Amino acid sequence: MKGKLFVLSGPSGVGKNTILNRVIAASDHVRYSVSATSRQSRPGEVDGSSYYFVTRERFEEMIAQDELLEYAEYVGNYYGTPLAPIREAMKDGFDIVMDVEVIGAKKIKARVPEAVLVFVAASSLDAVRQRLIARGDVSPEAMEERLKRAVWECSQAEGYDYIVLNDDVDHAVRELRAIMVAEKCKTVERIHLLKEEF
Ligand code: 5GP
């Protein structure tokens, strides 16, 4: 059986990584899609598991060679989803979760209509600001840019299939897992079982 794509978007600092890490740790059939980016790595990030950190030139080569499912520019850097590992993992029946900003998410939906788009919302912009400050890994200027982008991203949530509210991480993890389970139980996903059985 083929795996499904779950695309998470939401403002920088809303806690997407925390939610995804928890969901991945709790399931052995979910894989994280590691993105490529031209931005500098931050302290604690590991090349090949946080991101594939590449130069702008290498990124442009990946675009030219059609190696990406989607890509977008986000506050001055390229971010994109390598296609080959996703194809491979889905073929092996793994569900894929990914963290993609809204332009890339919409490109994925256009290319793979059965992909499930989930927007992670914070209880307030101030909650996002506080998380970015606590994270302490972006400059004040970069933070302002990310906050501006956050306001715009929230205005784009309408086209998403689901909205998960991250006022509390446990709650958000439960909501995302419930979405994933429900999507796997859809008739279109399960009908073949009945056809095989009866
Ligand atoms: P950060 O620099 O905080 O790690 O990520 C910045 C933004 O890039 C986040 O909103 C994240 O969702 C987005 N992002 C991460 N990977 C990808 C990707 O592969 N494609 C696109 N379009 N956006 C991504």
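Me: What are helices and strands here?
Reply: Both are DSSP runs, numbered from the N terminus: a helix is H or I over at least four residues, and a strand is E over at least two. The model is a predicted one.

Me: OK. Where does aspartate 66 lie?
Reply: Aspartate 66 is in the loop that runs between α2 (56–64) and β5.

Me: What about phi of aspartate 66?
Reply: Phi there is near 60 degrees, which is positive, and the residue is not a glycine.

Me: Is aspartate 66 buried or exposed?
Reply: Exposed, because its relative accessible area is 54% and the cut-off for exposed is over 50%.

Me: And valine 75, which loop is that in?
Reply: The loop between β5 and β6 holds valine 75. Its phi is also a positive value in a non-glycine residue, near 35 degrees.

Me: How does valine 75 count for accessibility?
Reply: Partly exposed, since its relative accessibility is 26% and that class lies between 20% and 50%.

Me: Switching to pockets. How much space lies in the largest pocket?
Reply: About 670 Å³.

Me: Which residues lie nearest its centre?
Reply: Lys16, Asn17, Arg42, Tyr51 and Asp99, out of 31 lining residues.

Me: Which elements give two or more residues to that lining?
Reply: Those are α1 (16–25), β5 (68–74), β6 (77–82), α5 (125–135) and α6 (140–154).

Me: Which one gives the most?
Reply: α1, with four residues.

Me: How do the lining residues divide into nonpolar, polar and charged?
Reply: Twelve are charged, twelve polar and seven nonpolar.

How values were computed. Residues numbered from 1 in each chain as written. Predicted model: local features only at pLDDT ≥ 70, side-chain atom pairs only at ≥ 80, totals over all residues. Heavy atoms only, no water. 1 Å grid on protein atoms, 1.4 Å probe; cavity = no way out; pocket = protein on both sides within 12 Å on 5 of 7 lines; lining within 4 Å. Points joined across faces, edges and corners; volume = space filled by probe spheres on them. Nonpolar A, V, L, I, M, F, W, Y, C, P; charged D, E, K, R; others polar. Buried < 20%, exposed > 50% of the residue type's maximum accessible area, 1.4 Å probe, protein only.
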